[in-house]
Amino acid sequence: MDRAERNAIFLAVGLLAFFFGLIVYAARGLKIDLPTCITDVQPFKTGQLIQHAPDRYELHVVARMWFFDMNKGQTYVELPRGSVVDIYLTSADVVHGFHINDTNVNLMAIPGTVNYARVKFDNPGEYHIVCHEFCGIGHQDMAAKILVK
Ligand SMILES: [Cu+2]
């Protein structure tokens with residue numbers, strides 16, 4: 001090994017240590033954290049129904065083995081007739097299906113991604129939601145509902 005090779009190796013190791021030091025400084029000193037998976041941050045840890053206006057809602061659904069967390073652990077939500085709902089769907093574990101009967105909403109709940117649909121509930125009634133993707137031993141019991149009054 002000649003002197004040039006030794007210098008190149010020394011420079012490479014030095015740069016690695018310098019960049020690693022910058023990462024540690026960013027994380028500890030500047031409190032800049034690495035981006036995390038979207039399902040690890042709110043509002044995708046728990047389901048949530050957010051009202052924006054009298055007939056406008058945002059529904060964050062987290063699918064888990066084997067239930068749909070529609071609103072703070074509940075498997076149903078109540079909405080007034082004529083509501084327009086923006087549905088954001090994700091999964092906390094494996095791939096699930098999300099089909100709302102009597103609507104055009106048919107989504108996949110995929111870990112690490114958020115799927116979206118907008119639906120207007122013109123007619124009162126019970127809208128049953130079923131998982132249509134085999135997701136394990138409790139799959140057949142995985143259901144939820146939206147009550148429109
Ligand atoms: Cu399922």
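Q: What makes domain 1 and domain 2 the two parts of this chain?
A: In this predicted model, the division comes from a domain assignment, which gives domain 1 as residues 1-34 and domain 2 as residues 38-148. The C-alpha centres of domain 1 and domain 2 lie 46 Å apart.

Q: How do you know that the span of helix 1 agrees with its number of residues?
A: Helix 1 covers residues 3-29, which is 27 residues. The expected span is 1.5 Å times one less than the number of residues, so helix 1 should span 39 Å. Its end C-alpha atoms are 37 Å apart, which agrees.

Q: Why is helix 1 called hardly covered?
A: A residue counts as buried if 20 or more other C-beta atoms lie within 10 Å of its own. Among the 27 residues of helix 1, the count of buried residues is 0, so the helix is hardly covered. Just after helix 1, Lys31 takes a positive phi of about 60°.

Q: Is Met142 buried or exposed, and how do you know?
A: Met142 has 23 C-beta neighbours inside 10 Å. The cut-off for buried is 20 or more, so Met142 counts as buried. Met142 lies in the loop between strand 9 and strand 10. Met142 and Glu58 are 84 residues apart in sequence, and their C-alpha atoms are 22 Å apart in space.

Q: What makes strand 4 and strand 7 edge strands?
A: The open sheet has 5 strands in the order 4-10-9-6-7, with mixed pairing. Strand 4 (76-79) and strand 7 (106-109) each pair on one side only, and they are the edge strands. Neighbouring strands of this sheet are turned by 20° against each other on average, direction ignored.

Q: How do you know that strand 6 and strand 9 pair?
A: Two strands pair if there are at least two bridges between them. Strand 6 (residues 96-100) and strand 9 (residues 125-130) have 2 bridges, so they meet this cut-off, and they pair in the antiparallel sense. The bridge partner of His99 in strand 9 is Val130.

Q: Which residues have the most contacts inside the largest nonpolar core?
A: They are Val61, Ala63, Leu89, Phe98 and Ile129, in a core of 24 residues. Strand 2 (56-64), strand 4, strand 5 (83-91), strand 6, strand 7, strand 9 and strand 10 (143-148) each supply at least two residues of this core. Strand 2 gives the most, with 4 residues.

Q: Which element of the chain has the highest mean pLDDT, and which the lowest?
A: Strand 6 has the highest, 95, and strand 1 (residues 48-53) the lowest, 92. For the chain, the mean pLDDT is 90, and 94% of its residues reach 70 or more.

Technical notes
Residues are numbered from 1 along each chain as its sequence is written. This is a predicted model: local features need pLDDT of at least 70, side-chain atom pairs count only at pLDDT 80 or more; totals for chains, interfaces and linings use all residues. Axes are lines fitted to C-alpha atoms, for helices over the stretch in contact, and angles run from 0 to 180 degrees between N-to-C directions. pLDDT is the predictor's confidence in each residue, from 0 to 100. Domain bounds come from an automatic or database domain assignment. A residue is buried if 20 or more other C-beta atoms lie within 10 Å of its own, exposed if 12 or fewer, and partly exposed in between; C-beta atoms are placed from the backbone. A nonpolar core is a set of buried Ala, Val, Leu, Ile, Met, Phe, Trp, Tyr and Cys residues joined through C-beta atoms within 7 Å.
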